[in-house]
Amino acid sequence: MPGATLGLVLFAAFLHAAWNTLLRGGSDRLGSMAVMNLARGLPGLAGLSLYGLPVPAAFP
């Protein structure tokens, strides 16, 4: 397995563990979810403004 692939898999595992730790560790779960969704939604909106919507054939 190439080193870059292994690095990406380990990074994804770290993000998953951090997500669960932040969600379970806080007393306000709704607030934690809101912050996490904002943190991943803003880069998504930036990507949407750069690349536009996917082609309609990609939706199904």
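L45 is exposed, its relative accessible area being 54%; exposed means over 50%, buried under 20%, and partly exposed in between, with a 1.4 Å probe and protein chains only. This residue is found in helix α2, which covers residues 29–51. Helices (H or I, at least four residues) and strands (E, at least two) are DSSP runs numbered from the N terminus.

The model is predicted: local features need pLDDT of at least 70, side-chain atom pairs count only at pLDDT 80 or more, and totals for chains, interfaces and linings use all residues. Residues are numbered from 1 along each chain as its sequence is written, and side-chain values use heavy atoms, with hydrogens and water left out.

L45 also belongs to a nonpolar surface patch, together with L38, L42, L48 and L53, and the accessible area of these residues together is about 530 Å². Patches consist of residues with over 30% relative accessible area and no salt bridge, where nonpolar side chains (Val, Leu, Ile, Met, Phe, Trp, Tyr) are joined within 5 Å and like charges within 9 Å. A salt bridge is a side-chain nitrogen of Lys or Arg within 4 Å of a carboxyl oxygen of Asp or Glu. Accessible areas come from the Shrake-Rupley method with a 1.4 Å probe, and for residues only the protein chains shown count as cover.

The protein chain has two helices and zero strands. Its radius of gyration is 16 Å, well over the 10 Å that the globule rule gives for 60 residues, so the chain is more spread out than a compact globule. That radius is taken over C-alpha atoms, and the rule is 2.2 Å times the number of residues to the power 0.38. Along the principal axes, the C-alpha atoms fill a box of roughly 40 × 35 × 25 Å. Of the 60 residues, 5% count as buried. The chain exposes about 5100 Å², of which carbon and sulfur atoms supply 75%.

Helix α2 has 23 residues and should span 33 Å at 1.5 Å a residue, which agrees with the 33 Å between its end C-alpha atoms; the expected span is 1.5 Å times one less than the number of residues. G52 follows α2 and has a positive phi, near 80 degrees.

S32 lies in helix α2 and counts as buried at 16% relative accessibility. Beyond its neighbours within four places in sequence, S32 is in contact (heavy atoms within 4.5 Å) with L22 and L23.

Helix α1 spans residues 3–25 and includes N20; L6 is also placed in α1. Accessibilities and C-alpha separations are tabulated below.

| Residue | Relative accessibility | C-alpha separation |
|---|---|---|
| N20 | 28%, partly exposed | 25 Å from A46, 26 residues apart along the chain |
| L6 | 42%, partly exposed | 25 Å from G47, 41 residues apart in sequence |
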